Amino acid sequence: MARAERPLPSTTAPLPDVYRDLHAHPELSFAETRTAAVIVGRLRGLGYDVSEGVGGTGVVAVLRRGDGPRVLLRADMDGLPVREDTGLDYASDVETTTPDGRTVPVMHACGHDMHVTALLGALQQLQADPGWRGEILAVFQPAEEKGAGARAMIDDGLYERFGAPVVVLGQHVAPLPVGVLGLRDGPAFAASDSLRITVFGRGGHGSRPETTVDPVVLAASTILRLQTVVSREVSAAEQVVLTIGSVHAGDAGNIIPDRAVLEVSIRTFDTLVRARVLAAVDRIVAGEAATAGADIPPTVESLNAFPAVVNDSAAADRVRVAFDRALPAAMVIDPGVVTGSEDVGLLASAANAPCVYWLLGGADPARFSGLAGPAEIARRVAELPSNHSPYFAPVVEPTIELGASALATAARAWLVTDEGSPGGAS
């Protein structure tokens, strides 16, 4: 039986078993139907009021206990078109057909299976804890990898239907040592712009390039020139990443095609720098096409765009204090800014609520044995398989346990506790 056909795990299965099941059955953006079914079955069994199909495949779960603040806890659900090469006995061998007809492998290469499992664990802890009042609003979001899931849920009436929260909380697993939580004030994750650039040539026979305008050569020159945006148009003090992650042109070696398509990812933190970089991309793409003698001007399409994740300083301080009190075995650090991007900030801005989003260490602590100081640890982190790698594999435990406790602890910092005020603060 193919893994994609296996039955869902029991609604009372241990969380590590749930994680391994989710890891073995990843689904692409807006196709997270099996993942959603696992979530729905487990949370209904815990007594949550569960709604399906929010923003496509999203799931929203609510638990109310008297009067008190509404706290949003968020996890994303989608996998990536990556072929897994971890060698784990629960590794994904799933392949799927994309909406445009391509067959691709699928892997939880970014750790969203860990995010889902940790949130399920947090909701289990909160359901079993009688010592709080308020409302838990758990959001299991689709399509984070496309930067479209948060917007889809908002547009589907997330807050009109379930109410706006006082805070948005979440976490992202990373190759930091297990036991480390990375939390910083202010800009934490980069803004993201994903572009599709199409350059047009004039196709023809591979033996007669003089009768054509070769879009492959045009694409190559465009790629090289785009790399100068960061190296020559951006200050060393301004953080920008520009990556061309996909290039496609032609289907045969003896045919010069009529177009080439590039997909570009841009990460920035400053809105003025972002505008300058996007303008440079437009200028370079148009200029290279004109230099090549293209008959048709190129197109630059925005596939998705979302702002930087900015942690509210006061809210982050509240979570940090809660971590220090309730999770003494955890080490809370400032990890610096992350050039990866997240659309969780849209959930906060749409609710006019503060956002607190932190990193959850998931790397085997043994890999860091004997290292002295932050510099050595940072170098080891850079050597480990990162998110989106075919080798990315967080340690199952105690990552789940800490991730669940971190989310539950952060939620309690806003809920009314037995001490009579949010988080028990005086």
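Predicted model: local features only at pLDDT ≥ 70, side-chain atom pairs only at ≥ 80, totals over all residues.
Started with the lining of the largest cavity: Gly182, Arg184, Ala188, Phe189, Asn311, Pro335, Gly336, Val338, Tyr357 and Leu359. I searched the whole structure and got 1 cavity of 30 Å³ or more. The volume of the largest cavity comes out at about 30 Å³. I then asked which strands each supply at least two residues of that lining, and found E9 and E18. Sorted by class, the lining has 6 nonpolar, 3 polar and 1 charged residues.

**Helix H6**

Which residues of H6 are buried? My list reads Pro215, Leu218, Ala219, Thr222, Leu226 and Val229. The spacing is worth a jotting: an α-helix has 3.6 residues a turn, so residues three or four places apart point the same way.

What caps the N-terminal end of H6? I found Asp214 there, with a side-chain oxygen 2.8 Å from the backbone nitrogen of Val216.

**Thr35**

I went to helix H2 (residues 33–45) for this one, as Thr35 is found there. Buried or exposed? Thr35 has a relative accessible area of 2%, and the cut-off for buried is under 20%, so I put it down as buried.

Setting aside neighbours within four places in sequence, I have Thr35 in contact with Leu22, His25, Glu27 and Met77.

**Pro365**

Last stop was a loop. I located Pro365 between strand E18 (355–363) and helix H10 (373–383). E18 is one I'd already written down for the cavity lining. How does Pro365 count for accessibility? Its relative accessibility is 40%, which lies between the 20% and 50% cut-offs, so I logged Pro365 as partly exposed.

I finished with a distance check on Pro365 and Arg34. They are 331 residues apart in sequence, and I get 32 Å between them in space, C-alpha to C-alpha.

How values were computed. Residues numbered from 1 in each chain as written. Heavy atoms only, no water. Buried < 20%, exposed > 50% of the residue type's maximum accessible area, 1.4 Å probe, protein only. Helix = DSSP H or I, 4+ residues; strand = E, 2+ residues; numbered from the N terminus. Polar contact = N/O pair within 3.5 Å; in protein donor to acceptor, adjacent residues only side chain to side chain. Contact = heavy atoms within 4.5 Å. 1 Å grid on protein atoms, 1.4 Å probe; cavity = no way out; pocket = protein on both sides within 12 Å on 5 of 7 lines; lining within 4 Å. Points joined across faces, edges and corners; volume = space filled by probe spheres on them. Nonpolar A, V, L, I, M, F, W, Y, C, P; charged D, E, K, R; others polar.
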